[in-house]
Amino acid sequence: MDCLPCLEALSDGTLLLRLLVQPRASSNALAGLQGDQLKLRLTTPPIDGKANKAVITYLAKICHLPKSAFTLKSGHQSRSKTLLVSGIDLPALHHILPLL
C-alpha cells in the first residue's frame, strides 16, 4: 500500500492529516494532492470559522466518524490546516481517502 504524504501516524494512536482548503468553491470535494497536503474544496466562505467547521463536518461525513474525532491542530486562519484524527487507524483512513 502506498502511503499518502498528507497522513502521518503518531505514537499515541492518533493521525495527523494535512489539508489545503479552498473556500468558496463551486462544490465540496477532495481535489487531489498538492505537495504533501490533501486539497479540499469547500463552498463555505472563510468567515467567523465557518470554513473550519465545514472541514470537520465534511471529513466526519466521508470518514463515517463523529465530528469529535477531528481536532484542528493548526491553521485556524490559514488555508493550510493540520488536523488530529482519532478513532481510526492509518490503513482504514488510507482506504477511505482516494488513492491519489
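Analyst: Go ahead. This is a predicted model. One place to begin is Lys81, which is buried but has no salt bridge.

User: What is the nearest side chain of opposite charge to Lys81, and how far away is it?

Analyst: That is Asp48, 13 Å away. A salt bridge needs the nitrogen and the carboxyl oxygen within 4 Å.

User: Which backbone oxygens does the Lys81 side chain reach, then?

Analyst: The side chain reaches the backbone oxygen of Gly75 at 2.6 Å. The backbone oxygen of Ser78 is 2.7 Å from a polar atom of the Lys81 side chain.

User: Where does Lys81 sit, and what does it touch?

Analyst: Lys81 is in strand E6, residues 80–85. Leaving aside residues up to four places away in sequence, Lys81 touches Leu17, Arg18, Leu19, Val21, Asn52, Val55, Leu72, Ser74, Gly75 and His76.

User: Gly75 again. Where is that one?

Analyst: Gly75 is in the turn of the hairpin formed by E5 and E6, which has five residues between the strands. Its phi is positive, about 95°.

User: How do E5 and E6 run, and how many bridges join them?

Analyst: They run antiparallel, with four bridges joining E5 (residues 70–74) to E6. One of the paired positions is Ser74, whose bridge partner in E6 is Thr82.

User: Back to Asp48. Is it buried or exposed?

Analyst: Asp48 is exposed, because its relative accessible area is 70%, and the cut-off for exposed is over 50%. Asp48 is in the loop between strand E4 (37–41) and helix H1 (50–63). Phi of Asp48 is positive, near 55°, and the residue is not a glycine.

User: Which residue just after H1 takes a positive phi?

Analyst: His64 does, at about 55°. His64 lies in the loop between H1 and E5. At 70% relative accessibility, His64 is exposed.

User: Changing topic: how many salt bridges are there?

Analyst: The count is two. In one of them, Arg18 and Glu8 meet, with N to O at 3.3 Å. Arg18 is in strand E2 and Glu8 in strand E1 (residues 7–9), so this pair ties together parts ten residues apart in sequence.

User: What other partner does Arg18 have?

Analyst: Arg18 also forms a salt bridge with Asp36, where the closest N and O atoms are 3.5 Å apart. Asp36 is in the loop between E3 and E4 and Arg18 in strand E2, so here the parts tied together are 18 residues apart in sequence. Through shared partners, the salt bridges join Glu8, Arg18 and Asp36 into one network.

User: How accessible are Arg18, Glu8 and Asp36?

Analyst: Arg18 is buried, with a relative accessible area of 18%. Glu8 is partly exposed at 35%. Asp36 is partly exposed too, with a relative accessible area of 40%.

User: What about E4: how many of its residues are buried?

Analyst: Four of the five are buried, so E4 is largely enclosed by the rest of the structure.

User: In what sense does E4 pair with E2 and with E3?

Analyst: With E2 the pairing is parallel, over four bridges. Gln22 stands opposite Arg41 of E4. With E3 the pairing is antiparallel, also over four bridges, and Leu30 has Leu40 in E4 as its bridge partner. The hairpin of E3 and E4 has two residues between the strands, and Gly35 in that hairpin takes a positive phi near 65°.

User: Last one, H1. What span should it have, and what does the model give?

Analyst: At 1.5 Å a residue, its 14 residues should span 20 Å. The end C-alpha atoms are 20 Å apart, so the two agree.

User: Which H1 residues are buried, and what do they pack against?

Analyst: The buried ones are Ala51, Asn52, Ala54, Val55, Ile56, Tyr58, Leu59, Ala60 and Cys63. The buried residues of H1 pack against strand E2 (15–22), strand E3 (29–34), E4, E5, E6 and helix H2 (90–96).

Methods
Residues numbered from 1 in each chain as written. Predicted model: local features only at pLDDT ≥ 70, side-chain atom pairs only at ≥ 80, totals over all residues. Heavy atoms only, no water. Buried < 20%, exposed > 50% of the residue type's maximum accessible area, 1.4 Å probe, protein only. Lys, Arg positive; Asp, Glu negative; His and termini not counted. Polar contact = N/O pair within 3.5 Å; in protein donor to acceptor, adjacent residues only side chain to side chain. Contact = heavy atoms within 4.5 Å. Pairing = 2+ DSSP bridges. Expected span 1.5 Å × (residues − 1).
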